[in-house]
Amino acid sequence: MPFDTGVTYRPGARFGPFAIRSGARRQREGRGYTLSWGIDPYMLGSKVVDCGDVPISPFDNALAVDQMEVAYSTLLARPVSNVSSFGSVGTKAIALDGKEHPRLISLGGDHTIVLPILRALHKVYGPISVIHFDAHLDTWAVYPGSVTEQSRVTHGTFFFLAAEEGLMSSKCVHAGIRCKMFGPGDIENDDAVGFQVISSDDIDDLGIPEIIKRIRARVGDTPVYLSLDIDVIDPGLAPATGTPEAGGWTTREVKRILRGLAGLNFVGADVVEVAPSYDHAEITGIAAADIVHDFLAMMLINAPPGAKPVSTSKGDEQSRLSTVKDEF
């Protein structure tokens, strides 16, 4: 989704998909096994396809948003060729039509892309519960100076608009929030939109296991979409983003939380706001690409990884697991 004309500060995220693909040059089938997951997501029976970039108008935001919705809906309607052999949670049981649908991982692009994505997902699953990793709330109603209907659609207002349209459930949750706000009214509005807040500081006060527990309890067994703004990671580790905020989580902390979310009813995910012109040595693109690898694993197993590999012999992934419990 190479779209970045909904930003309020630094542009450049239209080149995010290229940067993420570039950061993934060393990721491939047959070399995707990791100690943390205990699996290779490419070897579990599911077909993983790069669908390429969605053609998007750089001149007309209303047209671009429509183009993204049509493209996403078209891909959702594609038949599923196969499913994971590792007991993943499928979509058939939660889809309104009772059919299996592809699960898409989108590469942003600025965060505005989630509005057309939620519109498309709502047609298939009904109201969606969003797990939102970000430094910012993105639930503001409008930015000062917005005088037209289209000017309401930005990377900081799309969740408010999605709530207005009834696209989301009331069981959404933020993770990593630390932005500056207009005042306490922003949190009151955020609550009305349907979000619970887990702040950046909560990782110190609560710890990773409790954050995982709260996220899982919040969304429950509802259809879940995970949206990850790369600025949830501290800019010292992921500088290539449009609205950086100091004091973020580390890449490792984010990855550990993601492992703890495996088994939820995921219907899609994204990594957004990667703007490579602000990067150094591709560190942001590499981090984003690795998070996409985590998304693949997260969607293809039915519970957080609870074992460590004890053998390097060839064979089925499950036969190479011990019963030693891991901390996600």
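Modeller: Let's start with a definition: axes are lines fitted to C-alpha atoms, for helices over the stretch in contact, and angles run from 0 to 180 degrees between N-to-C directions. Helices (H or I, at least four residues) and strands (E, at least two) are DSSP runs, numbered from the N terminus. This is a predicted model, where local features need pLDDT of at least 70 and side-chain atom pairs count only at pLDDT 80 or more, while totals for chains, interfaces and linings use all residues. Residues are numbered from 1 along each chain as its sequence is written, and side-chain values use heavy atoms, with hydrogens and water left out.

Biologist: Thanks! How are helices H1 and H9 oriented to each other?

Modeller: Take H1 (residues 16-23) and H9 (residues 283-300): their axes come within 7 Å. The axes cross at roughly 75 degrees. Angles under 35 degrees count as roughly parallel, over 145 as roughly antiparallel, 65 to 115 as roughly perpendicular and the rest as oblique. H1 and H9 are therefore roughly perpendicular.

Biologist: Which strand joins E3 by five bridges?

Modeller: Two strands pair if DSSP finds at least two bridges between them. E3 (residues 172-177) runs parallel to its partner, residues 195-199.

Biologist: Is Leu137 buried or exposed?

Modeller: Leu137 sits in the loop between strand E2 (129-133) and helix H4 (158-164). Buried means under 20% relative accessible area, exposed over 50%, partly exposed in between (1.4 Å probe, protein chains only). Because its relative accessible area is 0%, Leu137 is buried.
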